[in-house]
Amino acid sequence: MATPSSIVAGARRKLGAGPPRYSAAGLVRKGLSGDSWPRVWRDVELKSSYDVVIIGGGVHGLATAYYLATNHGITDVAVLDKAYLGSGGSGRNTAIVRSNYLTPEGVAFYDRSLTLYNTMATDLNLNVMFSERGHMTLAHTDGALRTMNWRAEVNKLQGIDSSVIDPTEVGKLAPSLDVSGDSRYPILGALYHPPGGTIRHDAVVWGYARGADHRGVEMHQKTEVLDILCEGGSGPDGKGPGGRVTGVRTSRGDISAPIVVNCTAGWASLISDMAGVKLPIHTRPLQAAVTEPVKVFLPTVVVSGSLHVYVSQTDRGELVFGASVDPFNNYNVGGSLEFTEELAGHVLELMPGISKMRLLRQWAGLCDMTPDYSPVMGDTDVDGFYVDVGWGTYGFKAGPVSGEAMAEAIATRAMPKIIAPFHISRFATGELVGEKGAAAVGH
Ligand SMILES: Cc1cc2nc3c(=O)[nH]c(=O)nc-3n(C[C@H](O)[C@H](O)[C@H](O)COP(=O)(O)OP(=O)(O)OC[C@H]3O[C@@H](n4cnc5c(N)ncnc54)[C@H](O)[C@@H]3O)c2cc1C
């Protein structure tokens, strides 16, 4: 039954006034009242047409929807996900953010994302637990040290706080690391990037979903896209170059839409094939693992390219480990014993002192790998069909800037400068944005 407070809440929602705000005491009262909590996003009927359909309810699809509504007033938007919001890489990643990439294009792009992450808690009115704890990439060989110096110089030229430090400084920042020089892979130095850190991935997904919902965007979970409807193209069923998109076929019926955006990461090539757009993308699983919680002892994120491992410690005390992608194409997200064994061996090379800690869980997600380790973003040869894919192992940190730029590309029908280098045409012109040196270890 409608109560005065539910009417006010409804009015706030219609006016786009944002989520209800509770004082500390109000929060406790609400918790004890037995009333149900308001839904974070609405559960509405799926319509038969929208101005924009976004496929994929991860951070990229949701951020694109949020910025379409917030920055451009485009609110007749549906985000479709075959499972639940955040069920892909967005809810499976190790939550590391940084901008110390290798190319000027990459650095500028990821730095804009960090700027947006910095104000996200206020913008979305949600504690996203951003922890700017610093990010350290170890060098174990002269070659690796050379790459770190190269990255540091590119970073500094772009105004990014990033420098090469020696083993003594590494030891001060992370005393648990073996910096003795006696190990099989001695630490010769590191690229240190103070603005890097971690942010809670689920909160980012929920925050964008809630923000988009309050501006009128619809989220439809358990709605699988089975085909993309096109006309006028050179391929079968009017798909392919020269055509235009007219909508999508879903497990819940057809939807017409002049604009369809592919934000499906690990499934990106399957979806693009449905529009007759070929992507140079392979899908590979990436595994991660977490230990039991212990007293916090690791204040910064530590990465080793040579050992294919990275580690950070959560506020609860668990160590979160990641590695490089599995060396074969697959859509399976099960974990493997080979991964655990290799991970343990490599981690103990770095931190012999944690040998007694127990691993609690391991998991995997799908990564859409491109040849140059940079994304594929913007419009395609099929009018109205946009892609925001090729996120490999590094797309979580790029969610905000990607959403902002994709929304602008769709609203203005022009490619924003910040994502122009990532257009699909680079694979024809050969102007690749080579980021392997800064993105090969998955995070
Ligand atoms: C273990 C692991 C660790 C990682 N660590 C980091 C890290 O520390 N930092 C970082 O920046 N990045 C990291 N990444 C990468 C990052 O998680 C991804 O690049 C990012 O989450 C991609 O987001 P997205 O929104 O593009 O796609 P996703 O979050 O994968 O969302 C795609 C969605 O599309 C939906 N979908 C697929 N097919 C269909 C269909 N036919 N119809 C409807 N919906 C469909 C899926 O259900 C899914 O929810 C990591 C990834 C993994 C797996």
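Student: Which two strands form a hairpin with four residues between them, and which residue in the turn has a positive phi?

Tutor: Good place to begin! Keep in mind that this is a predicted model. The hairpin is made by β14 and β15, and His 308 in its turn has a positive phi of about 55°.

Student: How do β14 and β15 run, and how many bridges join them?

Tutor: Strand β14, residues 301–304, runs antiparallel to β15, with three bridges joining them. To see the pairing on screen, find Val 302, which stands opposite Val 311 of β15.

Student: What joins β15 to strand β16?

Tutor: Five bridges do, and these two strands are antiparallel as well. Strand β16 covers residues 319–323. Look for Val 309, whose bridge partner in β16 is Ala 323. β15 and β16 also form a hairpin, with five residues between the strands. There, Gly 317 takes a positive phi near 110°.

Student: Where do side chains point in a regular strand?

Tutor: The general idea is that they alternate between the two faces of the sheet. Now try that on β15. On one side you find Val 309, Val 311 and Gln 313, and on the other Tyr 310 and Ser 312.

Student: Let's zoom out. Into which domains is the protein divided?

Tutor: Domain 1 is 44–132 + 195–280 + 372–443, and domain 2 is 133–194 + 283–369. Their centres, taken over C-alpha atoms, are separated by 27 Å.

Student: How many residues of each domain are in contact with the other?

Tutor: 35 residues of domain 1 are in contact with 34 residues of domain 2. On the domain 1 side, α4 gives the most, with four residues. That side divides into 13 nonpolar, 18 polar and four charged residues.

Student: And the ligand: how many residues surround it, and which are the closest?

Tutor: The ligand is surrounded by 41 residues, the closest being Gly 58, Gly 88, Gly 89, Gly 365 and Gly 395. Elements that give two or more residues to this shell are α3, β13 and β17. The largest share, three residues, comes from α3.

Student: What kinds of residues make up the shell, and which domains do they come from?

Tutor: The shell has 17 nonpolar, 19 polar and five charged residues. Domain 1 and domain 2 each supply at least three residues to the shell.

Terms used. Residues numbered from 1 in each chain as written. Predicted model: local features only at pLDDT ≥ 70, side-chain atom pairs only at ≥ 80, totals over all residues. Near = placed C-beta within 6 Å. Nonpolar A, V, L, I, M, F, W, Y, C, P; charged D, E, K, R; others polar. Domains from an automatic or database assignment. Buried ≥ 20, exposed ≤ 12 C-beta atoms within 10 Å, placed from the backbone. Pairing = 2+ DSSP bridges. Contact = placed C-beta atoms within 7 Å.
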